[in-house]
Amino acid sequence: MKKIEAVIKPFKLDEVREALSELNLSGLTVTEVKGFGRQKGHTELYRGAEYAVDFLPKVKVEVVVSSEMLDTAVEAIVRAARTGKIGDGKIFVSSVEQVIRIRTGEVDEAAL
């Protein structure tokens with residue numbers, strides 16, 4: 001099993017969720033986060049004063065998939081989240097050793 005963490009632009013969340021739903025992936029976690037990469041933030045003007053926005057709003061989507069579904073799920077996220085502009089985000093993939101559904105006690109693939 002693999003855990004996919006995708007940090008994306010907030011307005012792309014619905015498209016990513018729909019792309020994952022089309023793959024019949026059930027369950028994902030979404031967190032509002034802030035950060036920066038190559039963008040390094042930007043400056044904005046507010047009431048005549050310029051100020052720096054160092055951390056940009058992003059959304060982190062986390063989903064655990066079977067190893068067989070990994071490539072398909074990653075491709076779906078990339079397709080749905082890409083705008084072609086700087087700041088589209090990143091995807092991190094890591095191994096998951098065990099999953100346990102608390103309510104039923106199911107483990108691993110059955111718990112997904």
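Q: Is Asn24 buried or exposed in this predicted model?
A: Asn24 lies in the loop that joins α1 (13–22) to β2 (29–35), where helices (H or I, at least four residues) and strands (E, at least two) are DSSP runs numbered from the N terminus. Its phi is near 60 degrees, a positive value in a residue other than glycine. Buried means under 20% relative accessible area, exposed over 50% and partly exposed in between (1.4 Å probe, protein chains only). With a relative accessible area of 68%, Asn24 is exposed.

Q: What is the relative accessible area of Asp108?
A: Asp108 is found in the segment after β6 (89–95), and its phi, near 50 degrees, is positive although the residue is not glycine. Asp108 is partly exposed, its relative accessible area being 30%.

Q: Which residues of α2 are exposed?
A: In α2, Leu70, Ala73, Ala76, Ile77, Ala80 and Ala81 are buried. These cover an arc of only 135 degrees around the axis, so they are on the same side of α2; the arc is that of the directions from the helix axis to the C-beta atoms. On the other side of α2, the exposed residues are Asp71 and Arg79.

Q: Against which elements do the buried residues of α2 pack?
A: Contact means heavy atoms within 4.5 Å. The buried residues of α2 pack against β1 (2–8), α1, β5 (56–65) and β6.

Residues are numbered from 1 along each chain as its sequence is written, and side-chain values use heavy atoms, with hydrogens and water left out. In this predicted model, local features need pLDDT of at least 70 and side-chain atom pairs count only at pLDDT 80 or more, while totals for chains, interfaces and linings use all residues.
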